Amino acid sequence: MEIAHPGNQPEKIPLLLLPGLLNDATLWRAQLDALADIADCQVGDLTRHDTLRATAEDVLANAPARFALAGFSLGGYIAQEILRIAPERVQRLALLDTSHKADSLERAAQRVAQQNSVRMPGNFHGFGDKLMRSYIDASRFDDHVLVETVRGMTARLGAEVFIRQSRIARVDGSEVLRAWKGPTLVLCGRNDAITPLAVSEQIAALMPQARLVVLDDCGHLAPLEKPEQVTAAMREWLLQDMPA
């Protein structure tokens, strides 16, 4: 919760937001604006390294001493790595449209194939129509503002970032999540085709204190597809009392 100081405005909650694959601060733009009254928001940079540990350490080196931590998709894996490295710095945890599972051999091979496919000059222009249809809900396929926002963000970050982030090995986070006891939000679009709802249900089951929020008519990109609902869930999470 906000900490009241006599004669002063309440102190804002440090909030570290971690985006996903080929995402930057654009992913969180609605939350950055709408939560600014209670949170001092910072978006972590996940673009510079190709391992979980190096990426998490880079984020921690630029983070506040203690913070609320929200990870989306790939950012959820980085959040889990932060819990392995420095759990004492995390005050509360939110995992949005992410997974705790290690890549299967099939998925790992898929990532290698995707990396190879974008190495060809001129072969990467961000999310094309086929990939876009995996990331957003079918009801939003004709939402040109949303589609162009996503396409612009992914094209802006580009092939080299895609390759680096694809190389990051996704490892099992069950143990670290089971050990986490702080306030927790788990959120997922009901129609998420990238990290299906069943995975978020499994994540929530590892943490009995977690609140699971499911957004209808929503795919993988919940912060952009359903910004008001995501913001409302995060506001409630941020203002939730800490355990005694």
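In the predicted model, the axes of helix H2 (residues 52–61) and helix H3 (residues 74–85) come within 9 Å and cross at roughly 75°, where axes are lines fitted to C-alpha atoms, for helices over the stretch in contact, and angles run from 0 to 180 degrees between N-to-C directions. H2 and H3 are therefore roughly perpendicular to each other, given that angles under 35 degrees count as roughly parallel, over 145 as roughly antiparallel, 65 to 115 as roughly perpendicular and the rest as oblique. On the H2 side the contact (heavy atoms within 4.5 Å) involves Leu52, Arg53, Thr55, Ala56, Glu57, Val59 and Leu60, and on the H3 side Tyr77, Ile78, Glu81, Ile82, Arg84 and Ile85. Sorted by class, the contact of H2 with H3 has 8 nonpolar, 1 polar and 4 charged residues; here Ala, Val, Leu, Ile, Met, Phe, Trp, Tyr, Cys and Pro count as nonpolar, Asp, Glu, Lys and Arg as charged, and the others, Gly among them, as polar.

Residues are numbered from 1 along each chain as its sequence is written, and side-chain values use heavy atoms, with hydrogens and water left out. Because the model is predicted, local features need pLDDT of at least 70 and side-chain atom pairs count only at pLDDT 80 or more, whereas totals for chains, interfaces and linings use all residues.

The secondary structure of the chain comprises 10 helices and 6 strands, these being DSSP runs numbered from the N terminus (helices H or I, at least four residues; strands E, at least two). Of the 244 residues of the chain, 51% count as buried, with buried meaning under 20% relative accessible area, exposed over 50% and partly exposed in between (1.4 Å probe, protein chains only). Among contacts in the chain with a separation of 6 or more, 77% are between residues 24 or more positions apart.

Leaving aside neighbours within four places in sequence, Leu15 is in contact with Leu35, Ala39, Asp40, Cys41, Gln42, Ala68, Ala70, Met234, Trp237 and Leu238.

Leu22 is found in the loop between strand E1 (13–18) and helix H1 (29–34) and is buried, with a relative accessible area of 0%. Asp217, by contrast, is partly exposed at 48% relative accessibility, and its place is in the loop between strand E6 (210–215) and helix H9 (222–225).

Two further loop residues are described by C-alpha separations. Arg170, in the loop between H6 and helix H7 (174–179), counts as buried at 6% relative accessibility; its C-alpha atom is separated by 9.0 Å from that of Ser99, 71 residues apart along the chain. Pro208, in the loop between helix H8 (197–206) and E6, counts as exposed at 75% relative accessibility, and Pro208 and Arg178, 30 residues apart in sequence, are 8.9 Å apart in space, C-alpha to C-alpha.
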